[in-house]
Structures are given as structure tokens and as C-alpha cells.
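Here is a short report on a ligand site and on one residue of the chain. Look at the structure, then read on.

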Amino acid sequence: MTDFLNGQVRVLIDDITAQQVDAVVNAANSTLLGGAGVDGAIHRAGGPSILEECRELRRTRYPEGLPAGDAVITTGGNLPARFVIHTVGPIYGQHGGREAELLAACYRHSLTLAAERGLQSIAFPAISTGAYGYPKAEAAAVSSAAIRDFLLPESAADENVALHSTLTEVRLIFFQPRDARMFMQYQKFEKP
Ligand code: ADP
């Protein structure tokens with residue numbers, strides 16, 4: 001069972017940079033200027049145009065950096081994906097108990113940006129579960145609930161229901177098979 005919500009969500013073991021989707025999500029840091037992990041892989045595979053756009057976003061809209069929980073969109077450069085949505089996950093233990101709220105916001109804001117552009121498919125890495133230290137089981141529960149609330153308008157306290165309609169495929173990409181298994185064990189796609 002790797003499909004959820006009537007096939008709208010798929011869990012895959014793969015590389016985020018190889019996804020042929022409308023948008024891939026980058027687990028960025030607030031500088032937007034690149035880093036290790038997913039961030040490094042996306043900039044390496046996507047080429048310098050993505051970094052140029054990120055620099056421009058810093059200059060114009062986010063001189064202090066992109067806050068945790070927020071998301072911005074750039075083109076996909078040389079990636080198979082047309083767009084990259086950069087979101088900054090919470091650093092576990094550094095937000096005074098607001099970590100889950102901020103991690104959910106990363107997913108919600110990324111999905112909202114994709115829907116606003118009329119995109120149909122998006123691929124996420126497991127945001128914050130690498131260098132940012134978010135426990136994988138907890139992140140599975142939070143991220144799956146956030147995606148569920150976005151895709152199922154009746155369970156969401158979100159007024160922009162019409163925006164949701166364009167997204168038909170949400171991929172969750174795990175590098176490691178054991179991370180995918182852990183996700184499957186702790187996901188909360190079924191309504192509580
Ligand atoms: P963060 O700083 O938000 O914790 P990381 O990039 O350090 O982000 O890691 C996020 C998760 O993505 C980790 O679980 C890591 O194993 C995984 N990961 C790293 N590289 C890739 C990749 N190329 N494709 C998919 N997942 C990846």
C-alpha cells in the first residue's frame with residue numbers, strides 16, 4: 001500500500017531531483033542560497049539559474065531570509081520539474097514547541113503555491129528530517145495530516161477550496177527504504 005487518498009498521494013523511494021512533476025519541493029534553509037542534503041542536490045542538478053532567482057527573491061522580498069514555514073517558487077532550471085518550491089522547515093527543538101505547526105505550514109504553503117499556479121503534480125522530500133533533526137515518525141504524522149487537510153477540503157479549515165482542484169498527484173519521496181517504511185507506519189492520511 002503506497003497510495004493514499006484515492007491515489008492522489010504516492011509514496012516512492014527515489015531521488016527528488018529526478019522527479020518528472022510540475023514542481024519539486026526543496027528543503028531549503030532561510031538564506032535561500034543553497035546548502036547540503038536535498039538543497040545541495042537540487043541546486044547541483046538544476047544549475048545556476050535557480051540560485052540566481054533565489055538571490056533575487058532575497059534581494060527583493062526576503063532581505064532577512066525566508067522564515068521557517070514559508071515557501072517561495074522559482075523555475076526548475078535544468079531539472080525535469082518545471083518549478084522548484086523552496087520551503088524552510090523548522091529546526092527541531094529551536095522553535096519553542098511550534099515545530100509541528102511550522103512543519104505543517106511548509107506543506108500547506110507549498111501546496112498552495114502549486115495550486116495557485118494551476119499545477120497538477122508536486123513531489124516533496126521529507127522536510128526537516130535530515131540536518132534539521134525532526135524525528136521521522138513525528139514528521140510522518142504531521143506532514144501526512146497537513147497534506148490530507150489540504151486535499152480534503154471538508155477536513156480543512158481553509159477557505160480557498162477552489163484552489164485545491166488542480167493538484168491530482170502528490171509524491172512523497174524517500175531516499176532510504178527504511179524511511180519510507182517508517183513513514184507508512186506513522187502516516188495519518190485517514191481522518192482521525
Ligand atoms: P532538512 O535540512 O530540512 O532536514 P535535508 O536535506 O537535510 O533537509 O534532509 C531531508 C530528508 O531528505 C532526509 O530524510 C534525507 O534523507 C532526504 N534526502 C536527502 N537527499 C535526498 C534526495 N536527493 N532525494 C530525496 N530525499 C533526499
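An oxygen atom of the ligand is 2.8 Å from an N or O atom in the side chain of Thr-129. Such a pair is a polar contact (N or O atoms within 3.5 Å; within protein, one must be able to donate a hydrogen and the other to accept it, and residues adjacent in sequence count only if both atoms are side-chain atoms).

| Residue | Part of the residue | Distance to a ligand oxygen atom |
|---|---|---|
| Ser-128 | backbone N or O atom | 2.8 Å |
| Thr-129 | side-chain N or O atom | 2.8 Å |
| Tyr-132 | backbone N or O atom | 3.0 Å |

On its own, the ligand has 570 Å² of accessible area, and the protein covers 89% of this. Areas come from the Shrake-Rupley method with a 1.4 Å probe; for residues, only the protein chains shown count as cover.

This is a predicted model: local features need pLDDT of at least 70, side-chain atom pairs count only at pLDDT 80 or more, and totals for chains, interfaces and linings use all residues. Residues are numbered from 1 along each chain as its sequence is written, and side-chain values use heavy atoms, with hydrogens and water left out.

Which residues come nearest to the ligand? They are Val-38, Ser-128, Thr-129, Gly-130 and Ala-131, out of 14 around it. To be near, a residue needs a heavy atom within 4 Å. Helix α1 (residues 37-46) gives the most to this shell, with three residues. Helices are DSSP runs (H or I, at least four residues), numbered from the N terminus.

Now to Arg-58. This residue lies in helix α2, residues 48-60. The Arg-58 side chain reaches the backbone oxygen of Thr-31 at 3.0 Å.

Key: Helix = DSSP H or I, 4+ residues; strand = E, 2+ residues; numbered from the N terminus.
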